Amino acid sequence: MADLAPRSRPFLLLLPTWLTLGLFFVLPLGIVLILSFAQRSPTGSISPVTDWWAYISSGKFLSNYAQSLDGLYLRIFWRSLWMAVLTTVLCAVIAYPAAYYLAIAAPTRWKGLLLALAVIPFWTSFLVRTYAWMLILRTQGLANDLLIAAHLIKEPLDLLYNQTSVMIGLVYGELPFMLLPVYASLEKLDRSLLEAASDLGAGKWSRFWRVTLPLTAPGLAAGTVLVFVPSLGQFVVSDLLGGSRSMLIGNMIQNQFTTARNQPFGSALALELTLLVLLLLIAYAAYARKRGEELL
Amino acid sequence: MSQITSKGKGTFSASHAALAVYTGAVYLFLYAPIVILIVFSFNRAKQTAVWEGFTLEWYAKLLGNAEVGHAVVNSLIVGGLTTLLATLIGTPAGLALARHRFPGETVTRALLYLPLVIPEIVFGAALVTLLGLAGFRLGLWSVVIAHVVFSVPYVAIVVRSRLAGMDRSLEEAAADLGASPAEAFRRVTLPLLMPGVVAAGLLVFTLSLDDYLITSFVAGVGATTLPLKIYSMLKTGVTPEINAVSSLLLVVTMALVLVAQVLLRDPTPKDNVR
């Protein structure tokens, strides 16, 4: 290391990463971009283009995108979008008071343990955590057994395979991703500002709405990105906990690349999803820059 | 806190108690399903959720299940190779980002964050398309490639933030005392860095062990990993055996994450500098 010119050192250190991500991340995405303008052949492969001029001037290269605007697909896109929005809002509403307690009111000796407990689900198997809800919600599951034992119902309810069960799974899976950034922003909150607000005569609620909430908006924004993005591209939760009418974009894309064997159309859908995600991230980056934070 | 609570102390502590109860409920929501899953893995009942007594039967059955055993071996191979390759590739990148200024820095950072934010399903579909076009046969190696791609950014980011929080004066002191840059790196930077690298490795191993979605695209015949096996098992119906294997996966990953958390706790542990 010592005999390398200092100027070239960072490049040598970064070369393996650039190669790995370039070859196996950027290149595949580029191929998907190109494929999204192609056509599927009757056998499920890619149709060769014989007359490029005609292909482009007739607008045929955009036909996958045109097809994605069809009612059925648009409905699934719309459903995915509002379910992701609802998941984000529910996570924020559920997580905020708990994060507030952790950051401001919790006894110090409990704090470390409570924080560790909030971090662990972050990293543990999403698949297994989703499966646990199948165990609870299925016809012979715990929820139905408890309700029957309590004589609240006679016949088991259909709790699984609908949009509510998907919603529960999404909120359950993504909640830690909202809890932690909101906690971090509350932890950084300057307590003397709250005191000042009280001294100036602000009531508890007006202090919350006009001081605490605006000052912790960065945490909520970060949590929104962390929750919204994976919810939008969700596959596992909707596949395991959802029924045929709770299909999301993720399931649709997976279907095009596997069973339907229509890579070009799947590519167009994948790019539309990516575009939605990138738009949100660009908005978030602009927000962070306006606040003078370094994002990258 | 006491200054804030000076006005209307009674109502404030009452609302804190309410908040404590609420937070308890949120934690119950987070952990009850996990606890239920683990408890049920010891339940003798085969079909219902009613408790019929303690048994280790389902764990014993797992031991005899050759397919699950094969999936576990595959997962360990993939996890091990991924951890090794991702730390070898990502650690130098984290080092470069923390210690050097260079043209293309912003692009590199964006490149590192992109795999963390692009939907998994898009990456999985894109990678399998590339491998298909390149005529690469799907198998364990394609799974390793996919896992290394999503792991390298984690390693680079963890290593970079560990170095960023580290005092540079130690390296400078080593140089002042006559250590060559290589020596200073080997005897000062590397020991300080190691807990971060190990923690990153553990987290990456956990991610690899857990990944279902991306793996489902790129795993070839015979490359079934544990999450793929669990998925196909539970597609055919809930069985006590799935509870047992899921509980095991859960406990193992939780233990790994806990160790990683402990390693990452203090950015400059004094007893590590010799």
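Predicted model: local features only at pLDDT ≥ 70, side-chain atom pairs only at ≥ 80, totals over all residues.

Reply: Helix 9 of chain B crosses helix 12 of chain B in a left-handed sense.

Two packed helices are described by the angle between their axes and the distance between the axes. For helix 9 (residues 181-210) of chain B and helix 12 of chain B, the angle is about 160° and the axes are 9 Å apart. Since angles over 145 degrees count as roughly antiparallel, helix 9 of chain B is therefore roughly antiparallel to helix 12 of chain B.

The residues that meet can be named on both sides. Helix 9 of chain B contributes P195(B), G196(B), V198(B), A199(B), L202(B), L203(B), F205(B), T206(B), L209(B) and D210(B). Facing them in helix 12 of chain B are T253(B), L256(B), V257(B), V259(B), A260(B), L263(B) and L264(B). By class, this contact comprises 13 nonpolar, 3 polar and 1 charged residues.

Helix 12 (residues 240-264) of chain B also packs with helix 11 (residues 226-235) of chain B; the two axes come within 11 Å and cross at roughly 150°. Helix 11 of chain B and helix 12 of chain B are therefore roughly antiparallel to each other. Their crossing is left-handed. From helix 11 of chain B, the contact takes L226(B), I230(B), M233(B) and L234(B). From helix 12 of chain B, it takes I242(B), V245(B), S246(B) and L249(B). The residues of this contact divide into 7 nonpolar, 1 polar and no charged.

Along its principal axes, the C-alpha trace of chain B spans about 70 × 70 × 35 Å.

Chain B is divided into domain 1 (2-40) and domain 2 (58-272). Taken over C-alpha atoms, the centres of these two domains of chain B are separated by 34 Å. Where the domains meet, 4 residues come from domain 1 of chain B and 4 residues from domain 2 of chain B. On the side of domain 1 of chain B that touches domain 2 of chain B, there are 4 nonpolar, no polar and no charged residues.

Chain B also meets a partner: 74 residues of chain B are in contact with 71 residues of chain A. On the chain B side, the largest share, 13 residues, comes from helix 2 (residues 9-40) of chain B. The residues of that side divide into 55 nonpolar, 15 polar and 4 charged.

Helix 4 (residues 71-105) of chain A and helix 11 (residues 217-232) of chain A pack at about 140°, with their axes 9 Å apart. Helix 4 of chain A passes helix 11 of chain A in a right-handed crossing. Among the residues that make the contact are M83(A), T87(A) and C91(A) of helix 4 of chain A, together with G223(A), V227(A) and F228(A) of helix 11 of chain A. This contact divides into 8 nonpolar, 6 polar and no charged residues.

Methods: Residues numbered from 1 in each chain as written. Chains lettered and ligands numbered in written order. Contact = placed C-beta atoms within 7 Å. Helix = DSSP H or I, 4+ residues; strand = E, 2+ residues; numbered from the N terminus. Nonpolar A, V, L, I, M, F, W, Y, C, P; charged D, E, K, R; others polar. Domains from an automatic or database assignment. Axes fitted to C-alpha atoms, helices over the stretch in contact; angles between N-to-C directions. Parallel < 35°, antiparallel > 145°, perpendicular 65-115°, else oblique. Left-handed = near helix turned anticlockwise from the far one by under 90°.
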